[in-house]
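Open the model in your viewer and keep the selection tool at hand.

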Amino acid sequence: MQIDWTKVNRVLVVKLRSIGDTVLATPSLIALRRFLPNAQIDVLLEDWVTPLLVDWDVVHDAIDNVISVPTRNTAKVEGGKLSAFDLMFARSIYAGILRKTKYDVAFNLHGGTTATFFTAASRARHRVGYAEYQYSFLYNHLLSSSSDFWNTEFTHSAEQQLALLGSVGVPVQDRPKTRLVVNAAALSSLAKKFNAKTQRWLSEGRTGWRDLGNFALLHPSSAFFTKQWPTENFARTAEFLAEKGFHTVAVASKNERAVLENLERESKVPITTFDDLTLPEITALASKARLFVGNDSGIAHIAAAVGTPSVVIFGSSNRNHWRPWTDAPNEIVYEEFPCQPCPGYVCEVFGEPRCILRVKPEAVFAAIDRMLSPSNS
C-alpha cells in the first residue's frame, strides 16, 4: 500500500529512550518538516528527555507538538514510583489521545515493545517500522534493513531512522544532520547559575560567566563503565587546555557528582563544575563552548547538534553507529580491539574495559589541537 503524501495532514513520530536517541531523531524530524511544511508533525518522547525539544514554550521548529509520556523511573506518586499497573493505565490514557488525533502516518523510530504499543494505538492508517521489530504484524510498511536502503554494510543511528522515512517516499538522500534549538530563557537561567558562583571566582579574577572567554566543555561521566575514560585523564586534559588559554567547564548529573568532585581534586587548574543544569541549559552551554571533549554520551550529541567542535572518546560502543552526526568539526578517539563493539554492561574478554582505559591522553590532546586549528575556526 503506497502512501499518498498529498493527503497526509498529521504525522506521529515515536522515539522513546535516551538523550542521544532523541538528538539523533532530529534529522528525521527535519526531513519530515521539509517534505511536509504544512502538516502537523508530533513526536512522542519519554518525559525526562522532552525538554530537549520543547521547554519554556519554545518548540523545535521541525515539530508542532511533543507528547511526553511517563516512565517507571520518572512518574512518581505519594510513597514511591508508579506501580506497573498504574503505569499501564497512564499509558492507556495517552493511547486514547493518540487515537483521537487521527494520524495519517506513524513512524516507530525506536523499535521496542512500548514504542510498538503506541504506534499501534495511534491507529494511523500507515504504520512504518522495521521487519525485525517484535510484533511486526502491527505495521503495514516494513523495511528489511537500513543497510538495504543505503546499500552499505554499516549505518549510523541517524541513517537507520532516516531510512524508514526514505522507504516510504520521504526525501532523505542528503542525510540531514542533528540540530537543537537554543532559546533565550535557557541562556538567561544558565547565566544566573554561572553568576551564583561569582564569590568562588573572585580570587581567579573573573566576575561572571561572560568573563570566561574561551572555554571548553567536558563531560567526564558515562552510563557504562566501559565507556568512561578515567577521570584523571580528563584532569590532564583540563590542564592541557589551560596551557592553551582555555578555562574548563564540566557537567554531569546529580548522581554523578562524585565524578566531578574527583575531577576537581585531580586537576591542577581550576574547573567550574555543574551537576544541576537542565537539558536546555546544557544545550545553551554547549552552544557557547569553543570545544567539547567527553565520553560517547548524549551530551556529546547535544554538543554536535549545536555545532560545537567535538572530541569524543570511544570505548565499548559502536563507533559507526554512535559517532557525532554533524557538519561541525569533530574527531573520535579510540583504541582498536577485536571485541568492539559490545553491549558494555561487562567486559567479558578482559574483566576490565581496556578499550577505554588504553586511550592515551596524548591522542586526545592531538585531536584537540586539530579541532582548535585555524581551519576549524
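A polar contact here is a pair of N or O atoms within 3.5 Å; within protein, one must be able to donate a hydrogen and the other to accept it. Keep in mind that this is a predicted model.

**Stop 1: a loop threonine.** Select T326. T326 sits in the loop between α13 (319–322) and β16 (330–333). Show its polar contacts. The T326 side chain reaches the backbone oxygen of A304 at 3.1 Å. A polar atom of that side chain also lies 2.9 Å from the backbone nitrogen of A328. Now look beyond the neighbours within four places in sequence: T326 is in contact with K177 and A304. Is T326 buried or exposed? Its relative accessibility is 14%, so T326 counts as buried.

**Stop 2: the open sheet.** Select the strands β5-β2-β1-β8-β9-β10. In that order, these 6 strands form an open sheet with parallel pairing. The edges are β5 (65–69) and β10 (141–143), each pairing on one side only. From one strand to the next, the twist averages 20 degrees. Zoom in on β8 (residues 105–108) and β9 (residues 126–130), which pair in the parallel sense over 3 bridges. V105 stands opposite H126 of β9. Helix α6 lies across β8, β9 and β10, and runs at about 140 degrees to β9.

**Stop 3: two packed helices.** Select α7 (residues 184–195) and α11 (residues 279–288). Their axes are 9 Å apart, at an angle of about 85 degrees. The two helices, α7 and α11, are therefore roughly perpendicular to each other. Show side chains at the contact: α7 brings residues including L187, L190 and F194, and α11 brings, among them, P280, A284 and L285. The contact residues of α7 with α11 divide into 7 nonpolar, 1 polar and 3 charged.

How values were computed. Residues numbered from 1 in each chain as written. Predicted model: local features only at pLDDT ≥ 70, side-chain atom pairs only at ≥ 80, totals over all residues. Heavy atoms only, no water. Helix = DSSP H or I, 4+ residues; strand = E, 2+ residues; numbered from the N terminus. Buried < 20%, exposed > 50% of the residue type's maximum accessible area, 1.4 Å probe, protein only. Contact = heavy atoms within 4.5 Å. Axes fitted to C-alpha atoms, helices over the stretch in contact; angles between N-to-C directions. Parallel < 35°, antiparallel > 145°, perpendicular 65-115°, else oblique. Nonpolar A, V, L, I, M, F, W, Y, C, P; charged D, E, K, R; others polar. Pairing = 2+ DSSP bridges.
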